Amino acid sequence: MPIESALGRIHKKKYCEGDKNLCARYKVASSIRKEKVPIDLFPIMMEEANQIIQKYKGKISKKFLLTRQCEKS
């Protein structure tokens, strides 16, 4: 969705200029990294944002556990 579109301007006003904590894109960027925000994630897609965060944090946890197991060997 182009930010210049009518809907884009509405989203920008509500999420970018309003309460950023309501924005799915901001949530992913602030929870993990902005590079992990999918281009097709819209500000209203909070459920998808939560899934992305859980998936990413799950990968980090598994990697951490494997590293710890290797260190103990």
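## Surface and overall make-up

What does the accessible surface of the chain come to, and what share of the surface belongs to carbon and sulfur atoms? In this predicted model, the accessible surface of the chain is about 5,900 Å², with 57% belonging to carbon and sulfur atoms, areas being taken from the Shrake-Rupley method with a 1.4 Å probe, and with only the protein chains shown counting as cover for residues. Of the 73 residues in the chain, 18% are buried, where buried means under 20% relative accessible area, exposed over 50%, and partly exposed in between (1.4 Å probe, protein chains only).

The chain holds three helices and zero strands, in the order α-α-α from the N terminus on; helices (H or I, at least four residues) and strands (E, at least two) are DSSP runs, numbered from the N terminus.

## Confidence and conventions

The average pLDDT of the chain, the predictor's confidence in each residue from 0 to 100, is 81, and 75% of the residues score at least 70. Confidence is highest in helix 2 (residues 24-31), with a mean of 93, and lowest in helix 3 (residues 46-72), with a mean of 75. Where pLDDT is low, the predicted coordinates should not be read in detail.

Residues are numbered from 1 along each chain as its sequence is written, and side-chain values use heavy atoms, with hydrogens and water left out. Local features need pLDDT of at least 70 and side-chain atom pairs count only at pLDDT 80 or more, while totals for chains, interfaces and linings use all residues.

## Helix 1

In helix 1 (residues 6-16), Gly-8, His-11 and Tyr-15 are buried. These buried residues fall within an arc of 65 degrees when seen down the helix axis, so they line one face of helix 1; the arc is that of the directions from the helix axis to the C-beta atoms. Arg-9, Ile-10 and Lys-13, on the other side of helix 1, are exposed.

Lys-12 also lies in helix 1 and, at 36% relative accessibility, counts as partly exposed. The C-alpha atom of Lys-12 is separated by 8.7 Å from that of Pro-43, 31 residues apart along the chain.

## The nonpolar core

The largest nonpolar core has eight residues: Ala-24, Val-28, Ile-32, Val-37, Leu-41, Ala-49, Ile-53 and Tyr-56. Helix 2 and helix 3 each supply at least two residues of this core, and helix 3 gives the most, with three. Such a core is a set of buried Ala, Val, Leu, Ile, Met, Phe, Trp, Tyr and Cys residues joined through side-chain atoms within 4.5 Å.

Leaving aside neighbours within four places in sequence, Leu-41 is in contact (heavy atoms within 4.5 Å) with Ala-24, Arg-25, Val-28, Glu-48, Ala-49 and Ile-52.
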